[in-house]
Amino acid sequence: MFALIYLAIGALVAVAVANPVNGAVVILLIWLLDVFVGPAGSGGDYVFTRWFPTHFVTMWMAGTPSHHAGRLGDLGIALVWVVGSLVVAGAVVATGSRTARRRQRSAGQFPTALRFGLVDLRRNAVLLVLLVIVPAAFVLLSRATTPGRPIVVAVKENGVTSRQPFWFPDVHAGVMAPIGIGALAALVGMFVVVDAAAGDNRLRQAGYRTGVMVSARLGVVAIAAIAITLATMVVAATVFSAKQWVGYVAANLLVAATYALIGVVIGPLLGKVGGVFVAFLIPFLDLGIIQSPMLRPTPQEWARFLPGYGVTKVLFDTGLTAHFDETGPLLMGFAWLVGLLILAGLILGGGHFVRVRNKVG
């Protein structure tokens with residue numbers, strides 16, 4: 001039933017959104033809200049989640065009756081969702097289709113290349129919508145759907161690491177904010193590079209310096225990372241009170257820069273559609289599952305080798321304690337940032353992967 005419902009959702013999105021990359025982003029956003037804000041993720045039952053596509057499927061599958069399904073029962077309403085979504089999707093697909101058109105881009109020296117890169121990024125309507133929706137979805141909804149119970153987090157205070165209890169509704173929004181920042185930043189980094197690939201290749205053939213183009217692309221990524229961080233922090237400040245706001249904002253900015261560079265790296269290597277899924281998957285697995293205190297107070301040892309380990313330690317320290325004690329993890333975070341910056345520069349400067357994946361895409 002999950003598969004059939006999302007098959008229908010995919011068909012509906014494909015008709016409504018012409019660009020396949022943007023469509024993949026919309027599908028992933030629907031899935032994230034449906035599964036992780038719904039009863040499967042939040043563990044609660046809320047009136048607004050009853051309208052989510054897989055609410056009743058989840059309640060029936062988990063063997064936890066909703067008690068608000070009426071005579072049809074959870075299974076009956078779940079089947080109504082399956083049949084109804086397939087009928088609607090079939091009718092929509094049968095009545096229309098749209099064809100995406102490519103936009104031509106131009107660039108010049110660094111200021112011009114940077115300006116046109118920002119203009120091109122601004123034209124991506126899906127990213128602009130996500131800049132509003134993602135902070136609200138990951139931060140505000142996490143506060144609204146958090147069960148009232150304590151959560152144990154391993155934090156360091158005055159050089160001593162201990163497991164401290166925190167009231168879950170008070171800290172959940174602060175934990176979810178960097179996950180949304182990482183996912184959105186990785187998407188933006190991927191879009192900036194892949195969308196500019198054709199124009200960059202033409203500029204190379206015309207004799208433009210590679211360093212100018214690489215600097216311009218990374219400049220666009222940096223500006224986008226700052227915008228994503230600030231937008232999310234504005235929302236987070238309404239429901240979360242960090243103990244060290246300056247450090248907490250800086251740590252989230254490090255998250256944005258790190259995962260934006262990951263998006264820059266995976267975009268040319270995987271192409272547009274594949275890159276979208278991986279761009280969502282990496283920060284979600286790293287920050288949202290492996291490093292998350294919602295599953296275990298302390299990450300497992302092998303988690304140290306992931307980009308989110310050091311910066312997560314800094315986030316918990318600045319968000320939950322009054323004094324900064326995580327210098328080592330901060331240096332680990334900067335080491336990942338420098339390494340990814342070098343790798344992104346090599347990939348963008350070489351241009352080989354960009355040309356190949358652009359032709360395939």
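Helices here are DSSP runs (H or I, at least four residues), numbered from the N terminus.

I noted the ground rules. This is a predicted model, where local features need pLDDT of at least 70 and side-chain atom pairs count only at pLDDT 80 or more. Residues are numbered from 1 along each chain, and side-chain values use heavy atoms.

Next I looked up the geometry. The axes of α2 (residues 20–37) and α12 (residues 272–290) come within 8 Å and cross at roughly 30°. Axes are lines fitted to C-alpha atoms over the stretch in contact, with angles from 0 to 180 degrees between N-to-C directions. The two helices are therefore roughly parallel (angles under 35 degrees).

I listed who touches whom (contact: heavy atoms within 4.5 Å). Among them are Val25, Leu28 and Phe36 of α2, and Lys272, Phe277 and Phe284 of α12.

I then checked aromatic rings, which pair if their centres lie within 6.5 Å. The count is four pairs. Trp31 and Phe284 have ring centres 6.3 Å apart and planes at 70°, so they are edge-to-face (planes over 60 degrees apart). Trp31 lies in α2 and Phe284 in α12, so the pair ties together parts 253 residues apart in sequence.

Last, I checked confidence (pLDDT, per residue, from 0 to 100). The protein's mean is 80, and 86% of its residues reach 70 or more. Over residues 98–108 the pLDDT is below 50.

Methods:
pLDDT is the predictor's confidence in each residue, from 0 to 100. Angles under 35 degrees count as roughly parallel, over 145 as roughly antiparallel, 65 to 115 as roughly perpendicular and the rest as oblique. Rings of Phe, Tyr and Trp (its six-membered ring) pair if their centres lie within 6.5 Å; planes under 30 degrees apart count as stacked, over 60 as edge-to-face and the rest as tilted.
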